[in-house]
Amino acid sequence: LSFLAISIIPFTSFFVIRTDFWSHLILINPQITENIEYNSKISQKSSSIFVMGYALNLCKFHLYKVPYNHNIVEEGMEMTQNRIRIVDVADTSGLSTATVSKVIHGKTEKISDETVKRVQQELERSGYIPNMAGILLARNNSRIIGVVVNDHEKYAGRVLEDGFVMSSLNALSHEVNEKGYFLMIKTTSDIREIPVFASMWNMDGLILIGFCEADYESLRNQMRISFVVYDGYFEKCSKVVNLVINHYNGGYQAGKYFKELGHKKALCIADNFTCMDKERIEGFRKAFEQGKTYRWEIPKTEKERMCFYEDKYMQLLKSNVTAVFAVSDFYALEFMKFLQGKNIRIPEDIQIIGFDDSMASKESNPSLTTIHQEANLRAKTAIECLEAMRDGTEYKPQIVLPVDLIKRESTRKL
């Protein structure tokens, strides 16, 4: 069954996200709070493509931006005029509209396989396009998984461009496609927006990324749906799974490796000393304890960080630090670029280890030694936990996933 569900609204741009099975067309306009959905006959050109269109006025996206085009609106209006109705499919099939409607909505328990196939064939032949938003929201099980990402000030409005976030969303997208779910993404720095977001879309479950410290018990009571938290720091509560990686061990592996390479003085870089960053640095210090460890708490905005690095540069040289451990690949690569701008050679003069194993860490020059966390494993585990909580089967309230050191060109034996 091929279909197109499209929202026709005034807009300035839209974004297309391609996946293996769905092509999601997201029309975005923060000024528009209403959308009109039409059923229409799919064009022959698009008949082999599955498309899901919906307005996400609460969501920010930054991928494949396409300028406004009047032809899109005109084509949508033309499709609306030629739309195929359920009654048309029923008349052609010689069946009741109720039977056709039940097949479309998946309520086929009392309908024969032959009749179901007959309806599906006619739907395909006629190019009928169901209002998928209405179908999904009407079901007790909408199969919508929401992902809320903390749009922290340190991302400067570009949180979806962060390597860890991109990797996490890509892995989740693949996993929900495999399981037949829909993925809906929202970015916000205000956790109070989450219950509204979840309830208005009748979601099966939520995945929260970047909210390490929050009142999850209160949040859970407001939503009454299950959710998984990536790297949370909170007391156990019902229908919430805390899915973490072994941050301490990741830092420990980095410190141990620098020690094995012969380093005596190291610098740790983070924008705070709480939650996972604290664990990573403490693990590093433990493994590197026979050496001297310095720690910089860097500003959260890029402009202020550059000033900070400039102010601290001479101090860094005088300290004779030869090893730098950053709590993220982002900070590691940023600091590497700063040092290279000062004609500091990596790894000849100073060596660097990051954390996350983002795509950028593989492509940098030199490539970055880092701590790898398995995004695909975390995504798979997250969906399995949501399903277990939904179905009332056994699940663990906290799961710790392993990490591994990936050795690349930014480190070497002294």
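Modeller: Two strands count as paired if DSSP finds at least two bridges between them. The strands (E, at least two residues) and helices (H or I, at least four) are themselves DSSP runs, numbered from the N terminus. Bear in mind that this is a predicted model: local features need pLDDT of at least 70 and side-chain atom pairs pLDDT 80 or more, while totals for chains, interfaces and linings use all residues. Numbering starts from 1 along each chain as its sequence is written, and side-chain values use heavy atoms, with hydrogens and water left out.

Let's take the sheet with mixed pairing. It is open and has six strands, in the order E13-E12-E14-E15-E16-E18. At its edges stand E13 (292-297) and E18 (403-406); each has a single partner strand, so one side of each has no neighbour in the sheet. From one strand to the next, the twist averages 20 degrees (angles run from 0 to 180 degrees between N-to-C directions, with axes fitted to C-alpha atoms, for helices over the stretch in contact).

Inside this sheet, look at E14 (residues 323-326) and E15 (residues 351-356): three bridges join them, and they pair in the parallel sense. Phe325 is placed opposite Ile353 in E15. On the sheet you'll find helix H11 (residues 302-319), which touches E12 (265-270) and E13, a contact being heavy atoms within 4.5 Å. The direction of H11 makes about 175 degrees with that of E13.

Now set that beside the other open six-stranded sheet, where the order is E8-E7-E9-E10-E11-E17 and the pairing is parallel. Here E8 (182-188) and E17 (398-401) are the edge strands, pairing on one side only. Ignoring direction, its neighbouring strands are turned by 20 degrees against each other on average. E9 (residues 205-209) runs parallel to E10 (residues 227-230), with four bridges between them, and Ile207 faces Val228 in E10.

Helix H14 (residues 375-391) lies across E7 (144-150), E9, E10, E11 (240-245) and E17, at about 150 degrees to E10. Leaving out residues up to four places away in sequence, Thr381 touches Leu243, Ile399 and Leu401. Ser226 lies in the loop between helix H8 (216-223) and E10, and it is buried as well, with a relative accessible area of 7%. With that same exclusion of residues up to four places away, the contacts of Ser226 are Gly205, Leu206, Lys239, Leu386, Met389 and Arg390.

There's a helix pair to look at, too. H3 (residues 97-104) packs with H4 (residues 113-126) at an angle of about 85 degrees, and their axes are 10 Å apart. Thr99, Val100, Val103 and Ile104 are the H3 side of that contact; on the H4 side are Thr115, Val116, Val119, Gln120 and Leu123.

Of its 414 residues, 52% count as buried. Among contacts with a separation of 6 or more, 72% link residues 24 or more positions apart.

Methods: Buried means under 20% relative accessible area, exposed over 50%, partly exposed in between (1.4 Å probe, protein chains only).
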